[in-house]
Amino acid sequence: MASPEAPVPNPAADGHAGGTVPEVRHETFTVESRPAAPPSAVFEAFADDAVRRRWFRMPGRHATYRHDFTVGGGEVASSVFPVPDAEPERLAYASRYLEITPGRRIVFVYTSRVDDVPRWTSLVTVELYPEAGGTRLRWTEQAAFLAPSAEPDHDLPHLRGATRLRLNGLPAALAAAAGPDGFVPRAVEDTRSG
C-alpha cells in the first residue's frame, strides 16, 4: 500500500512572498502592575467585556470585538491602523483561553496579524497575587516572532511597550468600574527576562 504524500507547503499562502520563510525569533518578557484593587476585581477586568474594553483595545479605527471568557473560548478583534504616507494596516488579533482560575490566573495564546500576515504568536500567563492595598499582577509573555517588521530590533520593545500601555490603563478602568470612590492607579513595572 502506498503511503499518502504529504502536502507541499505553500509559503506564499502563509504570507511569505517569494517562498522565503524568515527564521522564528523567540523572546520572553514579564511586566508587573500593582493596581489598588483586590484580585477578584482585577480578574473581572479581564472577564467583563465593558471593563475590558476600557483598557484592552485594538489600536486604530473601526475596531470590532468578539469575546468568550471561557476555557476553549477566546477573543477575536480587528481594526484599521492609519499609516502616514502609506496604505492603512489591517490589524487582527485572535486568542484562545487555556486555563482560567478565578481571581488567580489566566493562561491564553494569541496570534497577531498585520494585513493578513501572522506577525507573532504568544503564550501569556497572567498571575494575580493579593498584597496589602491591592493586587500584584504579573504578565509573562513568551512570543514567537514569525514575520519580522521592517525594523526587527523594534519588534520586542514594541510588543513589551504595548503590553505596558494596556496595563497602565487597567487602574483607570478599575476605578471607573468601582465608581467615584474607586481604586488609586499605580505604576507598571517592567521585569526583563529571557
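1. Trp139 touches Phe29, Thr30, Val31, Phe46, Phe56, Phe108, Val124, Thr125, Val126, Thr163 and Leu167, leaving aside residues up to four places away in sequence; contact here means heavy atoms within 4.5 Å. The model is predicted, so local features need pLDDT of at least 70 and side-chain atom pairs count only at pLDDT 80 or more, while totals for chains, interfaces and linings use all residues. Residues are numbered from 1 along each chain as its sequence is written, and side-chain values use heavy atoms, with hydrogens and water left out.

2. Trp139 also belongs to the largest nonpolar core: of its 36 residues, Phe46, Phe108, Val126, Leu137 and Trp139 touch the most other members. A nonpolar core is a set of buried Ala, Val, Leu, Ile, Met, Phe, Trp, Tyr and Cys residues joined through side-chain atoms within 4.5 Å. Buried means under 20% relative accessible area, exposed over 50%, and partly exposed in between, with a 1.4 Å probe and protein chains only. Two or more core residues come from each of strand 1 (25-33), helix 1 (39-47), helix 2 (49-55), strand 4 (89-101), strand 5, strand 6, strand 7 (134-145) and helix 3 (155-178). Helix 3 gives the largest share of this core, six residues. In soluble globular proteins, nonpolar side chains tend to be buried together.

3. For orientation, the protein has three helices and eight strands. Their order from the N terminus is β-α-α-β-β-β-β-β-β-α-β. Helices (H or I, at least four residues) and strands (E, at least two) are DSSP runs, numbered from the N terminus. Buried residues make up 37% of the 194 residues. Of the contacts with a separation of 6 or more, 52% are between residues 24 or more positions apart.

4. Strand 5 and strand 6 pair in the antiparallel sense over ten bridges; two strands pair if DSSP finds at least two bridges between them. Within this pairing, Ile106 stands opposite Val126 in strand 6. The two strands form a hairpin with two residues between them, and Asp115 in the turn has a positive phi of about 50°. Asp116 lies in the loop between strand 5 (105-114) and strand 6 (117-131). Asp116 has a positive phi of about 70° although it is not a glycine, and it is exposed, at a relative accessible area of 54%.

5. Strand 6 and strand 7 also pair in the antiparallel sense, over twelve bridges. Trp120 stands opposite Phe145 in strand 7. Here too there is a hairpin with two residues between the strands, and Gly133 in the turn has a positive phi of about 85°.

6. Not counting residues up to four places away in sequence, Glu127 touches Arg104, Arg105, Arg136, Leu137 and Arg138.

7. Thr30, one of the residues that Trp139 touches, is in strand 1. Thr30 counts as buried at 2% relative accessibility. A polar contact of 3.2 Å joins its side chain to that of Thr140.

8. His62 is in strand 2 (residues 61-67) and has a positive phi of about 55° although it is not a glycine. Most residues other than glycine have a negative phi. His62 counts as exposed, at 64% relative accessibility.

9. Gly73 lies in the loop between strand 2 and strand 3 (75-81) and is buried, with a relative accessible area of 9%. Which residues does Gly73 touch, not counting those up to four places away in sequence? They are Asp68, Ser95, Arg96 and Tyr97. The C-alpha atoms of Gly73 and Ser95 are separated by 8.1 Å, and the two residues are 22 residues apart along the chain.

10. Helix 3 gives the largest share of the lining of the largest pocket, seven residues. Strand 4, strand 5, strand 6 and strand 7 are also among the elements that each supply at least two lining residues.

Terms used. Polar contact = N/O pair within 3.5 Å; in protein donor to acceptor, adjacent residues only side chain to side chain.
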